[in-house]
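Work through the exercises below with the sequence and the model side by side. Try each task before reading its solution.

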Amino acid sequence: MTGSVNYAVEIYDAASNRLLSSYVTKQYPNAMNIDASFTAMDASMVGVRKGADALLAELK
């Protein structure tokens, strides 16, 4: 009844191929989120959403 996702992002400048930013995290659903904790796939999908939200917050 658990699952997680490792989330890694690299952002490159297209013209120079220079690395501008990178982001790595491990995300998993809150223990109180029973629906997401029931299967590993559901937990991973929640982890991807949380990772994307965290990356967006990091870029702002």
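**Exercise 1: Fold order**

Task: Which pattern does the protein chain follow along the sequence?

Solution. Read along the sequence, the order is β-β-α-α.

**Exercise 2: Confidence**

Task: Where in the protein chain is confidence lowest, and where is it highest?

Solution. Now go by element. Helix α1 (residues 34-37) has the lowest confidence, at a mean of 60. Strand β2 has the highest, at 88. Where pLDDT is low, predicted coordinates should not be read in detail.

**Exercise 3: A loop residue**

Task: Where does N17 lie, and is N17 buried or exposed?

Solution. First, locate the residue: N17 sits in the loop between β1 (5-12) and β2 (19-27). Next, check the backbone. Phi of N17 is near 60 degrees, a positive value in a residue other than glycine. Last, take the relative accessible area, which is 57% for N17. The cut-off for exposed is over 50%, so N17 counts as exposed.

**Exercise 4: Burial, surface and contacts**

Task: What share of the protein chain is buried, and what share of its accessible surface belongs to carbon and sulfur atoms?

Solution. Buried residues account for 27% of the 60 residues. The accessible surface of the chain is about 4600 Å². Carbon and sulfur atoms hold 57% of that surface. Finish with contacts between residues at least 6 apart in sequence: 38% of them join residues at least 24 apart.

How values were computed. Residues numbered from 1 in each chain as written. Predicted model: local features only at pLDDT ≥ 70, side-chain atom pairs only at ≥ 80, totals over all residues. Heavy atoms only, no water. Helix = DSSP H or I, 4+ residues; strand = E, 2+ residues; numbered from the N terminus. Buried < 20%, exposed > 50% of the residue type's maximum accessible area, 1.4 Å probe, protein only. Contact = heavy atoms within 4.5 Å. Areas by Shrake-Rupley, 256 points an atom, 1.4 Å probe, with all protein chains shown as cover. pLDDT = per-residue confidence, 0-100.
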